[in-house]
Amino acid sequence: MRISTSEIQRLGVEALINKQSKLSHTQLQLSTGKRILQASDDPAGASKVLELEQSIAVLTRYQESAGTVEDRLALEESTLGGVNNVLTRIKELALQGANGTHSSVSRASISAEVRENLEGLMALANTSDGTDYIFAGYQTTTKPFSETGGVYTYNGDQGRRVVEIGPDREVIGADTGYDIFMDIYNGNGTFTTEAAATNTGAGTISVGTVTDSTSWVEDTYTVTFTETNGNLTYTVTDSGANVIGVADTPFTEGDSISFRGIEFDIDGAPDDTDTFTIDSSSRQSMFETVSNLLTTLDMSTETAADSAKFTSAMGKVLEELNLAMDNVNTITAQVGARMNAVDQEIDTNTAAVLNLEQSLSAVQDLDYAEVISKYNLQLTGLQAAQQSFAKIQGLSLFNYI
Amino acid sequence: MGNLLGISLSGLNAFQQSLETTAHNIANVDTEGFSRQRVELETQPPRLYGDNYLGTGVIASSVERYYSQSVMNSLRDTTAEYNRLDKYTNMANRLDGLLADESVGLSSAMIDFFDSVQDLANDPAAASTRQVVLSSGEALADRFNFIESRLEDMYDDINGELSSNIDEANELAETIAQMNQKILVASNKANSFPNDLMDKRDNAINRLSEIFNITTITRGDGMVNVFIGKGQTLVNGTDTSELSITANTHDFSRNEISLRSGSGIHEVSEFIEGGAVGGLLEFRSETLDKSRNDLGLIAIVMADQFNTQHGKGLNMNNELGAAFFTEPVPEVYNGSSTGAMSATITDTTLLTGDEYHVSFDGSDYTINNKTSGGTTVVAAADIGNANNIPGVTLGVAGAAAGDTFLVRPTEAGGREIAALLSDPKEIAAAAPVRTAASSANGGSAEIEFDSIPDNFAVAANYTADFASTITITFTDPTTYTISDGTTTVLGVGYTAGAQLPIVGPPPFDPGFLINITGAPAAGDVFTIEQNTDGFGDNRNALLIGDLETDKTVLSASSLQETYSHLVSSIGTDTMQANVNLDAQNAMLTNAIQTRDNLSGVNLDEEAANLMKFQQAYQATARVIQTADTIFQSVLGMFG
């Protein structure tokens, strides 16, 4: 076949340029470490890279959220620990104060320490993480608890912030002051017992227990004692003055009284016309409970009647302190459980990120061994093309004329 | 005796011409478009001498070039196709590099933005996290604008290249016409065609085929007519029709190609195939338009969805969130129509990146989807209905029969999107209301804000920012009273587990849904109030963050997925174009080779010819010398 001189030249040059451009592409791959330099190198791969990168970004973001929520839960946990310590100390003081042998002077010193601790409790309830109050619900810039004239108010709300820590995995990042300090029932949690201030006898009333919750009917009940010819009897009436059970039930000191699924003891001897009130429990803040303790500690115990009222009131306050501590412990346990869940989610996410990064690397990273050997092959090819080009260009019949 | 000299002279003459032609071939070894030539030698007519015819020598009858019209035609077709692919690939590579690049593509900016939204959800009250959302939102809008401006650069470059290509094509057409004239004159003079002029003309035609596909006809008088597109005449003998750049009839920013012919100027863009111009036009209408429309689609869907969710939240000024991004509007091109068309995006969940050509015949509108094909006919009365174009509502004023309009719903997306907020407090991270159960409640029921439906409307006497407090009081476990302080509705029935929008006639349908779960007791009170100062609330921020992965585009793919589809579709296009270009390159090499094999100069061959003609010349000279010797010896006889 005939071939023209310019064609020999052109084919030779084209081959050189072609090899050089391939070599340059390989060299670029080697210097970036990436297999896909632009989407057209591997369109499906390039799109996969974008999607994997987004998935990794989303998971990494969850990890950051999980880290933040962990810090926040840790702060809440340690604050709740503090609350528990304060309540424990207050309870110790209350037990000391409940001991009838203390004089009113030493009860005053107990009362002073309780007052200090109440302030400590307030400070804990108003804990801030530096910028935000942690127990104010959504209103993180509002100081959650305030006291005016012995009335304790919660200024926050009942909103609990939720944090996303994984795909379709949300965790409550903060409990509200309402949950921790406000949402506690008084008395024994179902009903309260109280001796009337006008009582003259030595009868004391216990906090009582629920024996059958299905029979309990919420209402205000009054137990009225009557002494007829030296025989003590009592009658239970409800708020509508209807007699519950049998009227004028005979009473012996130390008897338990039970009606409508509840039971409580009356110790000591009530006088004629002495009354005790049973009411259904309502919510009472922790601060109010401690404040009630202070009031109780200030009560006089001079007469037997005073002493009896003191004992009844102290019994109620101690029970309420127990309920407050139970509430704190329950929430602390929930926080602990959440922290565990967050830890687990972090582990899961870490594994998932690792997995995705491996997939990403498989799609976009270079197989150096393969590409380096390709590079060497291309280099050899280029050298061979250059040498043969130079040789062929040197050949001409004119050299021999 | 005298004949011996005559014959020899004819030989010297012929071989001199052959040597000259060889020299001409060698001299033009590197001349583009040159076809090697050869001298055709013939015997001279014999003379009768006695009873015999004696030869009278040689004559150079003609100088021919090695040339084949079919080889040339196939070279031109291949050249046009190669140049089309080359231009297309060139542009596609640019686009491909832009969209998939880690630092300039959309992907990284989108990830950064949603990172900042997540940080906001983690710490909604902090000024710093709010500031980052503002700045990364701005960066995202800037990234859209940046990519869009790179695309606009490409439109400008295409306009420029079309313009310079057309200039060159006009010059080449002129050259061809001039060559036609010269060839006509030369061939009239000598009764043969001037090879070198014909090579020059062929070369000009070849260069024209780099610009677009052409067809040629060689006329009897040796002139060539050149046609472009579907038979439009560019060169007719010594006349040319001028090509020009004109603005698109609808989109004036777009250059089109027109041809002047007897009756005026006609747009021929749609007929032009192949060549650099064909490649540019194809890339513009098929690839670049799609990229711009899809980018705009992502911008518009994101802006709308983000603003909608943001508007359902409460900001730090205790107001509902204002628009975070500008929502770009459709581009409508009325061209020279009598009427004016307007278009509004009414439902981004139906929106596509397609563009539409709308024409009016006096009674009906024909809407033609230029991207995916498909035509719908809509009566004039119904043109204002929603979704004649999916997600878009059209409006027309004063249309006359024959009017045409071009509608590109998403074209402006990437260009127009901008972040609007500047005060970190304006970010609405909180839900608009908070709920509370009264601490005096005896029942176990809990209240929870659920959501605001997409189509929510604030009832007439309910304040826009949900500033009224609503109180729900249960009179018994299955009945409640609801009040906003001024109006009270008594005795509303409650079914356990049912969702309340708070029932009944306004004002108690503020547009949001509330869940009350569990068993309420008589006397229980629940309140729903504005989330005033709820700076620590992240409920709306979480919902905004969900937009990253929600299937917001046509309910089928997320924003990021839509973008990666675009990247992979451009990548596939580019890869395909690269593969085709490689194949076409081989075809072109082949065509050039075929032409060169026939017409190209081979120096070794010419060297051999040189020796051959030199020898023949020398031999003929020797015959003259011999004739001289003979003549001398005859003269010597008389000496």
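View 1. Chain A exposes about 18,900 Å², and carbon and sulfur atoms supply 51% of it; areas follow the Shrake-Rupley method with a 1.4 Å probe, and for residues only the protein chains shown count as cover. You are looking at a predicted model, where local features need pLDDT of at least 70, side-chain atom pairs count only at pLDDT 80 or more, and totals for chains, interfaces and linings use all residues. Residues are numbered from 1 along each chain as its sequence is written, chains are lettered from A and ligands numbered from 1 in the order written, and side-chain values use heavy atoms, leaving out hydrogens and water.

**View 2. The two domains of chain A.** Domain 1 covers 53–182 + 320–352, while domain 2 covers 191–282; these bounds come from an automatic or database domain assignment. Taken over C-alpha atoms, the centres of the two domains in chain A are 38 Å apart. The C-alpha trace of chain A spans about 160 × 45 × 30 Å along its principal axes.

**View 3. A nonpolar patch on chain B.** Leu4(B), Val623(B), Ile630(B), Val634(B), Met637(B) and Phe638(B) make a nonpolar surface patch of about 560 Å². Patch residues have over 30% relative accessible area and no salt bridge, with nonpolar side chains (Val, Leu, Ile, Met, Phe, Trp, Tyr) joined within 5 Å and like charges within 9 Å; a salt bridge puts a side-chain nitrogen of Lys or Arg within 4 Å of a carboxyl oxygen of Asp or Glu.

View 4. Ile630(B) is partly exposed, with a relative accessible area of 34% (buried is under 20%, exposed over 50%, partly exposed in between, using a 1.4 Å probe and protein chains only).
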